[in-house]
Amino acid sequence: MTSATAVERSGKERSASGRAGRSGRAGRPGRPLDHGAWFLVLPALIPILVLSVGPLLYGVALAFTDAQSGRTEPTEWIGTLNFQDLLHDTLFWDSFGIGLLWAVGVTVPQFALALGLALLLNQNLRFRWLARALAIIPWAMPEVVVGIMWRLVYNADAGILNETVRDLGLGEGRDWLTGLATALPAVIVVGIWAGMPQTTVALLAGLQNTPRELHEAAALDGAGAWRRFRTVTWPALRPVALAITALNLIWNFNSFALVYVLTSGGPGGRTRLPMLFAYEEAFRYGQFGYAAAMGCVMVAVIAVLLSLQLVGRLRQGEDGR
């Protein structure tokens, strides 16, 4: 009996030591594993450093210089002089206000329309697959193509919009993109149309992740469509809605190509977004340092928006726990 106990005890000790050895080898990171991990990360890290972080740091440094195009004298360090000039540049702050108005004016209706379309496409409709495919067509089109197409729609002489207005007897039409009162609303309509598909896709994905059992249970309890949306659909959809809204605000505030093709910032600067203003300062007037300072201000605004969105997500996660 004693020998059997000793054999059993020695077997347990060998088993425990074997497990400890295996766990020690698995838990202790080795240099080959670290080198291999860095080797796998480098192909994705190098383009980010070269194409994103590098130009960003160069632009920040350029904002503190008097860099200009065609200048024969060496570029000099001028400190915060460009930022001081920005504080008193009413044209820049006007464009900044137009950018905020554009971003909010596009994002809010875009979300409302995309939510309605996502709810519709989530129903069991005939040819739903075709409707979903047609809904993402504007998203698949380049912004330059979208701008050219809508310029034809808004054309004062032969545009389909003015032709429809004349056929309905509502007047002779107008030049939508060059009118001081109509240029910005007309461009906002194009922004809503072009950006709505990506919001629709994100919301539709969130709707499909909502368990149908919850809707069925609410319906059995006598809840109507609005109450089911308020108590079941929206709580499940809220994280996706907050994330896509924050991203849309950032994307729309940084818009350039669409508005540039439609109006080039006109008429009279009524559609001159901050990115357009910085582009003109850099490549039309050659003020690279001043334009870089504008870019730094816009990066700071975007960083604030991202921070607010991140704080909101963290608070939401804590509330969920």
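User: Does L57 count as buried or exposed, and what is its relative accessibility?

Analyst: The general idea is a cut-off on relative accessible area: buried means under 20%, exposed over 50%, and partly exposed in between (1.4 Å probe, protein chains only). L57 counts as exposed because its relative accessibility is 56%. Bear in mind that this is a predicted model, where local features need pLDDT of at least 70 and side-chain atom pairs count only at pLDDT 80 or more, while totals for chains, interfaces and linings use all residues. Residues are numbered from 1 along each chain as its sequence is written, and side-chain values use heavy atoms, with hydrogens and water left out.

User: In which helix is L57 found?

Analyst: Helices (H or I, at least four residues) are DSSP runs, numbered from the N terminus. L57 is found in helix α2, residues 31-62.

User: Which residues make the nonpolar surface patch with L57?

Analyst: A patch is made of residues with over 30% relative accessible area and no salt bridge, and nonpolar side chains (Val, Leu, Ile, Met, Phe, Trp, Tyr) are joined within 5 Å. The areas come from the Shrake-Rupley method with a 1.4 Å probe, and for residues only the protein chains shown count as cover. Here W38, V41, L42, I46, I48, L49, V50, L51, V53 and L57 make a nonpolar patch of about 960 Å².

User: How many residues does α4 have, and what span is expected?

Analyst: The expected span of a helix is 1.5 Å times one less than its number of residues. Helix α4 has 32 residues, and its first and last C-alpha atoms are 46 Å apart, close to the expected 46 Å.

User: Which residue caps the N-terminal end of α4?

Analyst: Look for a polar contact, a pair of N or O atoms within 3.5 Å; within protein, one must be able to donate a hydrogen and the other to accept it, and residues adjacent in sequence count only if both atoms are side-chain atoms. The cap is D89, with a side-chain oxygen 3.1 Å from the backbone nitrogen of L91.

User: Is T107 buried or exposed?

Analyst: T107 is buried, because its relative accessible area is 2%. This residue lies in helix α4, residues 90-121. A polar atom of the T107 side chain is 2.6 Å from the backbone oxygen of A103. Contact means heavy atoms within 4.5 Å. Leaving aside neighbours within four places in sequence, T107 is in contact with T245, N248, L249 and N252.

User: How many salt bridges does the structure hold?

Analyst: Side chains of opposite charge can pair when their charged atoms come close. A salt bridge is a side-chain nitrogen of Lys or Arg within 4 Å of a carboxyl oxygen of Asp or Glu. The structure holds 4 of them. In one, E163 pairs with R166, and the closest N and O atoms are 3.4 Å apart. Both residues lie in helix α8 (residues 160-167), 3 residues apart, about one turn of the helix. E163, R166 and E172 are linked in a network of salt bridges.

User: With which residue does E280 form a salt bridge at 3.3 Å?

Analyst: That partner is R272. The side chains of E280 and R284 also meet in a salt bridge, at 4.0 Å from N to O. E280 and R284 are 4 residues apart in helix α13, so about one helical turn separates them. E280 is buried, with a relative accessible area of 9%, whereas R284 is exposed at 57%.

Methods: Helices (H or I, at least four residues) and strands (E, at least two) are DSSP runs, numbered from the N terminus. Patches are made of residues with over 30% relative accessible area and no salt bridge: like charges are joined within 9 Å, nonpolar side chains (Val, Leu, Ile, Met, Phe, Trp, Tyr) within 5 Å.
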